[in-house]
Amino acid sequence: MITINNLNFGYQKKNKLFSDLNLSAKPGRIYGLLGKNGSGKTTLLKHVAGLLQPQSGEILLNGKIPQKRTTDVLASYYMIPEEFETPSLNVKTFVKINAPFYPDFNENQFYKYLDEFKINTKQKLSKMSYGQKKKVLISFGIATNTPLLIADEPTNGLDIPSKSTFRKITASSLDENKTIIISTHQVKDIEGIIDTLIVLDNGKIIFNRSLEEVSEKLCFKTVNNPEKNNVLYAERNLTGYDAILKNTEKEYTRINLELLFNSVIESNSKIINEFN
Ligand code: ADP
């Protein structure tokens, strides 16, 4: 369980990025943290991982402060960072050094994921491409089986088949005790696996809803006339308009996450008003 209470932070004192930001995340769910470049996703995740110190406010992971960096709190989460440096070690040695920090690390699971990602485990990490290194870190992170997994832009650098492998193994690793939070600016990469959508814009959480709530309130359809009643947002496609409508007839349509994201970040979003 992540609880963030009244987080205030700015890289420069006079220029605040977060002002009284509040957020909570429960186990058994996959949260998608979406936002344009520079919206504050990495900064927020670094606070959750205890890597940045709030100017005021608090962050609690199951009641414990990650900034204190005690061994029990460090063993309770794994962060797949967007930027990283990898040592000149082969995969086996990397595991030997890092796995002891995570009591539920499962080596078989780790090698199974590497196999799915088609990684040659004999190769040194320093000789791998960015995407290959990322696959090792994703596999390791998921195989730690920590109660919290934080993934910052995990699909950056992955080819299309690997993005789908990432979605598959992430979704399969979820259980009722685990919280997963994935940040991305590539909305399609997390389509179909997230339970809750959190949108960050200029350091503010402008949308935080479960996809169940979204499905209840909204319908996703192709329409010919975007001026029609009930159309809240529309984007032109080749044959008409991809549209978001009020769900007045209790229809349950497939959520178009990219369309939803675009509709939420436009100014004076009708979609946000719909939930208020
Ligand atoms: P995102 O992950 O959504 O792309 P970031 O959290 O990396 O966003 O950045 C949020 C804002 O903070 C941006 O305006 C960025 O330029 C700024 N920023 C990020 N890291 C630093 C830093 N180390 N020093 C100063 N400003 C930073």
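A: I271 touches F207, L218, L232, Y233, I244, L260, S263 and V264, with residues up to four places away in sequence not counted; a contact here means heavy atoms within 4.5 Å. This is a predicted model, in which local features need pLDDT of at least 70 and side-chain atom pairs count only at pLDDT 80 or more, while totals for chains, interfaces and linings use all residues. Residues are numbered from 1 along each chain as its sequence is written, and side-chain values use heavy atoms, with hydrogens and water left out.

I271 and L260 are the residues with the most contacts inside the largest nonpolar core, which has 54 residues. A nonpolar core is a set of buried Ala, Val, Leu, Ile, Met, Phe, Trp, Tyr and Cys residues joined through side-chain atoms within 4.5 Å. Buried means under 20% relative accessible area, exposed over 50%, and partly exposed in between, with a 1.4 Å probe and protein chains only. The largest share of this core, six residues, comes from helix α5 (residues 130–143). Helices (H or I, at least four residues) and strands (E, at least two) are DSSP runs, numbered from the N terminus. The core also draws at least three residues from each of domain 1 (2–202) and domain 2 (211–275); the domain bounds come from an automatic or database domain assignment. A second, separate core of 26 residues includes F18, I181, I198 and L200.

The centres of the two domains, taken over C-alpha atoms, are separated by 30 Å. Across the boundary, 13 residues of domain 1 are in contact with 10 residues of domain 2.

N256 counts as partly exposed because its relative accessibility is 24%. Leaving aside neighbours within four places in sequence, N256 is in contact with E191 and F220. N256 lies 26 residues from N230 in sequence and 17 Å from N230 in space, C-alpha to C-alpha.

F261 is found in helix α8 itself. With a relative accessible area of 7%, F261 is buried. Apart from neighbours within four places in sequence, F261 is in contact with L34, G35, K36, V187 and V199. F207 is 54 residues away from F261 along the chain, and their C-alpha atoms are separated by 9.2 Å. F207 is also one of the residues that I271 touches.

The buried residues of helix α3 pack against α4 (107–116) and α5. In α3 (residues 91–98), V91, F94 and V95 are buried. Seen down the helix axis, the buried residues of α3 fall within an arc of 95 degrees, so they line one face of the helix; the arc is that of the directions from the helix axis to the C-beta atoms. The face turned away from the buried side of α3 carries the exposed residues K92 and K96.

Both α3 and α5 also supply at least two residues each to the lining of the largest pocket, as do α2 (71–74) and β5 (77–80). β5 gives the most to this lining, with three residues.
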